[in-house]
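The sequence and structure are shown first.

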Amino acid sequence: MHKSKSAVSAIVGGLIVLAILFTTIIPLVILLQNSYAIFLHESNSRRIFDTDRSSESMLVDLIVTTTGLIKNLKLFLTNDGPITINPVRIWIIDANNQAILPCSGSGGFTPYIALTDIVLRPGENKTIDEVSNCLMNPALYNKVVQFLVVSERGRIFSSMRINITSLLNEFVYPYTLTVSIINMKRGRDYTVEVEPLGEGDANPRKFTHKATASNENVTVAVGTTAGTYKVTLLENGVPPNELNGYNPQIINVPDTTAVIFNLKRVEYSAVPLEVIIDAPNKVFVTQGEEEAFDVRIYVQLPKTALEPVEIKFIDVGGIELVGLPSGRIQHSCDPYGSFTIYPDDRKITMTCTVEVKGADPGQEKLIFTVKPETIKGIGVYSGLTYSNTEEYSRDIVIKVRKK
Amino acid sequence: MRLAKLAVSYLISVAIMTAVTIALGLFLWGIIGGWAGVSALDIIEETNKGVAQQRSLLIVEFVDLQRKIVWVSNPGKVDLILLSCIVYPKGSSPPSRDFIELAKAEASMNAPLELDSSKCIFPSSLDPSRPYIVEIYAIASTIYNPSNIMENIQWAILVRSDA
């Protein structure tokens with residue numbers, strides 16, 4: 001009887017313990033395991049994301065592309081990492097001042113360039129054209145820029161620091177207008193103003209120089225776009241009397257790229273260019289064989305010239321060789337490119353190679369001639385044409401020896 | 001008679017024993033059930049906070065020292081509430097910070113969030129040639145309690161970046 005009496009409460013107690021186990025402890029353990037699994041999954045997911053993120057690698061560079069005659073600045077992105085990168089944004093910054101550079105591509109100020117649907121697979125490269133709109137801005141002159149490219153995973157890739165000025169000169173202001181002031185008076189302030197008339201743009205638009213010596217000359221280079229400009233010279237704030245009728249000057253770039261204000265207004269006159277033929281006096285040739293020698297032709301601007309001359313035209317057809325039958329002599333001349341020559345200065349204009357074939361033994365005379373108007377130039381200040389008005393020749397003795 | 005007396009006491013004693021066992025069992029069940037419920041809520045809450053922190057990510061894209069603007073973005077999986085932003089010279093100790101709700105950074109890389117000098121504390125004078133540090137505290141919006149900002153501050157993330 002005692003056994004059966006205690007069995008009832010033991011059974012009830014056991015049932016309650018089991019109920020507690022199944023309704024609270026086991027669900028709690030399951031919940032704990034589940035929570036741990038969720039956290040582990042999230043942690044693992046983050047670890048994979050961080051690994052992917054740190055595996056991203058991209059090179060950022062600014063390049064110049066040429067399509068026909070049109071040049072453009074583009075950002076060149078190369079994915080040199082093992083995973084695909086989605087660039088989402090480009091910042092253009094002033095690296096020296098740690099500031100955003102304005103990008104007025106869409107009219108208003110946007111601090112960055114938003115990229116859409118750009119995907120760079122491993123090893124792939126792409127160019128971003130949008131930077132061109134932002135960079136073609138005079139505000140970027142004298143700036144050291146840096147590009148920051150932000151990826152979708154939150155990595156930031158930067159370019160090298162790039163001094164943009166030289167690139168902008170080429171793109172924003174493709175033409176260079178030179179303004180020369182000749183014969184300034186000591187102690188006076190001279191101001192050159194370049195004012196666009198219409199759509200042109202110039203940089204700088206104003207330049208001031210104080211003459212520190214009498215008859216000082218100065219030349220200013222102004223970057224411009226194509227267009228019409230009014231170029232004015234002011235002496236101590238007013239137009240100088242010496243230039244009445246010549247100041248201001250209205251010019252059209254690129255038809256005119258030089259303006260000269262000569263305060264003494266010297267009457268320039270062209271002087272003949274002198275030609276110097278540098279050739280051997282005597283050339284020895286073996287009978288029946290060929291011999292080649294060089295003749296160098298120099299041009300000299302006389303001391304009496306009042307301005308430098310830019311040699312622009314050299315006519316190789318103006319070279320003549322007489323004295324030998326045409327079958328025994330031939331020549332070819334290579335002219336040098338355009339260059340500027342100053343008064344009393346001498347420079348080489350062309351080199352001719354002469355080939356002579358030896359005939360019967362003896363002595364013959366070859367005359368090397370430079371005809372008039374073979375070498376021509378333009379006066380830098382006056383625009384006058386300078387040339388060799390005279391004919392120049394040089395005798396060369398050809399001595400044929402027995403074989 | 002004696003047998004009848006014994007029978008009554010047996011039934012009574014079984015009933016009493018059973019009742020006591022049931023009462024104690026239910027009491028124990030209640031206690032354990034309550035404890036388990038509270039523990040389960042704690043586990044869920046802690047897991048949520050841990051997950052929220054794992055999902056939190058904030059980057060400083062650029063600091064414009066001239067205009068005094070910090071641009072940040074959120075490449076993570078959860079919206080973030082920015083609680084503090086300070087910029088100070090590298091090498092010096094950071095200034096004291098206050099935790100207030102500055103802005104919400106959505107979990108998207110579509111556009112960066114701009115924090116100007118009204119939201120971010122900058123030094124009174126800035127020299128762009130010197131290096132600076134930007135420090136931002138942010139907390140996942142899922143565990144942020146606007147009525148008690150400091151409630152889950154230990155689950156916030158601290159972003160420290162060179163400026």
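Strand β11 of chain A is joined to strand β15 (residues 227–235) of chain A by seven bridges, and the two strands run antiparallel. Two strands are said to pair if DSSP finds at least two bridges between them. Within this pairing, A:Glu193 stands opposite A:Thr232 in β15(A).

β11 (residues 189–196) of chain A also pairs with strand β13 (residues 206–210) of chain A, in the antiparallel sense and over five bridges. There, A:Asp189 has A:Lys210 of β13(A) as its bridge partner. Strands of a sheet pair through backbone hydrogen bonds, either parallel or antiparallel.

## Basis of the model

This is a predicted model, in which local features need pLDDT of at least 70 and side-chain atom pairs count only at pLDDT 80 or more, while totals for chains, interfaces and linings use all residues. Residues are numbered from 1 along each chain as its sequence is written, and chains are lettered from A and ligands numbered from 1 in the order in which they are written.

## A four-stranded open sheet

Four strands of chain A form an open sheet in the order β18-β20-β25-β23, with antiparallel pairing. Its edge strands are β18 and β23 (329–335) of chain A, each of which pairs on one side only. From one strand to the next, the twist averages 20° (axes are lines fitted to C-alpha atoms, for helices over the stretch in contact, and angles run from 0 to 180 degrees between N-to-C directions).

Strand β18 (residues 274–278) and strand β20 (residues 290–300) of chain A run antiparallel and are joined by five bridges. In β20(A), A:Tyr298 is the bridge partner of A:Ile276, and A:Gln300 is that of A:Glu274. β20(A) pairs in turn with strand β25 (residues 346–357) of chain A, antiparallel and over eleven bridges; A:Ala292 has A:Glu355 in β25(A) as its bridge partner.

## The setting of A:Gly377

A:Gly377 lies in strand β27 (residues 375–379) of chain A. This residue counts as buried because it has 26 C-beta neighbours inside 10 Å. The term buried requires 20 or more other C-beta atoms within 10 Å of a residue's own, exposed means 12 or fewer, and partly exposed lies in between, with C-beta atoms placed from the backbone.

Leaving aside residues up to four places away in sequence, A:Gly377 touches A:Leu273, A:Val309, A:Glu310, A:Ile311, A:Lys312 and A:Tyr386. Contact means that the C-beta atoms of two residues, placed from the backbone, lie within 7 Å.

## The two chains and their contact

Chain A has three helices and 29 strands, and 24% of its 403 residues count as buried. Chain B has one helix and seven strands, in the sequence pattern α-β-β-β-β-β-β-β; buried residues make up 28% of its 163 residues.

The contact takes 34 residues from chain A and 34 residues from chain B. On the side of chain A that touches chain B, α1 (2–55), β3 (87–94), β4 (99–100) and β7 (144–151) each supply at least two residues. The largest share of that side, 20 residues, comes from α1(A). By type, the residues of this side of chain A divide into 20 nonpolar, nine polar and five charged (Ala, Val, Leu, Ile, Met, Phe, Trp, Tyr, Cys and Pro count as nonpolar, Asp, Glu, Lys and Arg as charged, and the others, Gly among them, as polar).
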